[in-house]
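Dear colleague,

I am handing over the structure that follows, together with an account of what was found in it. Please keep it open beside the text as you read.

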Number of protein chains: 2
Amino acid sequence: MTADATPGLNLDRGSLPRQQDWRMVADQVASDVQAGLLPPGTWLKQIDLETRYGCSRSDVRRALDELVARRLAQHVLNRGYRVFELAPDQIAHLLEMRVILEAAVADRIYDKADEAALNRLEAMADRFEERVLNGTLLEQHAANIEFHMALLDLCPNPELAQAVRDTRSRLPTALVYQWPTRGWIDQSVRDHASMVAALRARDRDALRAVVVGHLRRAERAYGRSDARLSRRA
Amino acid sequence: MTADATPGLNLDRGSLPRQQDWRMVADQVASDVQAGLLPPGTWLKQIDLETRYGCSRSDVRRALDELVARRLAQHVLNRGYRVFELAPDQIAHLLEMRVILEAAVADRIYDKADEAALNRLEAMADRFEERVLNGTLLEQHAANIEFHMALLDLCPNPELAQAVRDTRSRLPTALVYQWPTRGWIDQSVRDHASMVAALRARDRDALRAVVVGHLRRAERAYGRSDARLSRRA
DNA sequence: GGAACCATTTTTGGTGCCAATCAAGCGACG
DNA sequence: CGTCGCTTGATTGGCACCAAAAATGGTTCC
């Protein structure tokens, strides 16, 4: 939290309706954490956040408490708040939970998957493919997220969907920015197509297999990034 | 800057040398909600909590925010906080998630289930049975919880175990106090015994079947309570 | 008799200030 | 020369006060 005066991003809040500011701050910080702007272990100084997001001190405090409750930050008494730093085994555990939850989602996704939804999904898969061909890494990432979110929206159990979102938000995507290999991306493109195809064919087992395989590959990618990181440390 | 000797290991929420005040208040309120002392929909007035738990106003506020983050309470702007009131379909969704998560736990529980752990578990099953024979409803309930918590402690994935605890905590147990039928309790006793037996026999499928059956019965019990409630409304 | 309106009281929500606490820098001492 | 202890600076954390909003109770008018 040192090297940003960051002119562009700030939304003026004087004109906004003044309800629930701290929630927006929490979401902003969460978003910045996910984007890798605030790496794990960074101290979240209250004064910095205050100026950065242009809100009051109490808003910052409540936002930080919320982030702790979401397990995106941890609180050290009389020291402050820092971005949560997951140990490798914690990452493994979270990834395992992701597999469990997303497999369950895959099993339950059929009821709401009508023709219109399938078409929208296919459009997003295509968009991802197009972004892979000619788009920045950031755009690829965004399109990827979009596809998965759309898939998740088809889950008939909103609590389950939220659990998936929460689990995902806790996993650092910073590692993804050094996106492993070209083969990985291509495989992802194919996976997305396979998912839509399995949905169209109403083939439960195939869909679950694709989803689990997709996540397992991500798991291995994390493993590689971790190895890189620990080699450096 | 930010040189740090201790990266990552701490996730303890309870083992701090001195727990923060507001956290204790939050846990107290959560416990009272679970116990049915604070029925769903109850307004949680700040002054009441302040006097009831003998803490400052800011502690109360932070505790309430934490309860909102845990989805045990909801916040209405300029009106206050109230105990979360789940719609029947939300309860159904949460129960479904419980089945998903606990089935996953059952599948993964073997690694840590050594002889000592099995004996402890069996002792708890026996205690539950004993409490069913001659004990108050509250004691039965406590013994039941204890057994399930011990079972959960065998889960090698702490994140998954925590997810189960979180999901459980969101389900109102107040309905259980009017404990459905005698047959239900007896079946529970038998289920617990079956779980231990399946663990001893290392029979994955059997264990999962028992767990899922156990929860499905609870599901039906909730359904009945809901019917009772909505009939009255 | 009932409904709308107004004053009072209660409760919530935010802000500013000050004490408690910790890290870093500095000097003295073994 | 290294280490211990103190001082200083910066940051966090709690508390008390005050403003805004809603519920309550009573009154008046239709």
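The buried residues of helix 7 of chain A pack against helix 4 (88-108) and helix 6 (137-153) of chain A, and also against helix 4 and helix 7 of chain B. This is a predicted model, in which local features need pLDDT of at least 70 and side-chain atom pairs count only at pLDDT 80 or more, while totals for chains, interfaces and linings use all residues. Residues are numbered from 1 along each chain as its sequence is written, and chains are lettered from A and ligands numbered from 1 in the order in which they are written.

The residues of that helix which count as buried are A:Glu159, A:Leu160, A:Ala161, A:Ala163, A:Val164 and A:Arg170; a residue is buried if 20 or more other C-beta atoms lie within 10 Å of its own, exposed if 12 or fewer, and partly exposed in between, with C-beta atoms placed from the backbone. Helices (H or I, at least four residues) and strands (E, at least two) are DSSP runs, numbered from the N terminus.

Leaving aside neighbours within four places in sequence, A:Val105 is in contact (C-beta atoms, placed from the backbone, within 7 Å) with A:Leu152, A:Cys155, A:Leu160, A:Ala161 and A:Val164.

Between the chains, 24 residues of chain B are in contact with 25 residues of chain A. On the side of chain B that touches chain A, helix 3 (57-69), helix 4 (88-108) and helix 7 (158-170) of chain B each supply at least two residues, and helix 4 gives the most, with seven.

Chain B also holds an open sheet of three strands in the order 1-3-2, with antiparallel pairing; two strands pair if DSSP finds at least two bridges between them. Strand 1 (43-44) and strand 2 of chain B stand at the edges with a single partner strand each, so one side of each is left without a neighbour in the sheet. Four bridges join strand 2 (residues 73-76) to strand 3 (residues 80-83) of chain B, while two bridges join strand 1 to strand 3. In strand 3, B:Arg82 is the bridge partner of B:Gln74 and stands opposite B:Trp43.

The hairpin of strands 2 and 3 of chain B has three residues between the strands, and B:Asn78 there takes a positive phi near 65 degrees. B:Asn78 is also one of the residues around DNA strand D, which include A:Lys45, A:Gln46, B:Ser56 and B:Arg79, where near means that the C-beta atom, placed from the backbone, lies within 6 Å.

Phi is positive at B:Arg71 too, near 60 degrees; this residue lies in the loop between helix 3 and strand 2 of chain B and counts as partly exposed, with 15 C-beta neighbours inside 10 Å.

With best regards

How values were computed
Two residues are in contact if their C-beta atoms, placed from the backbone, lie within 7 Å.
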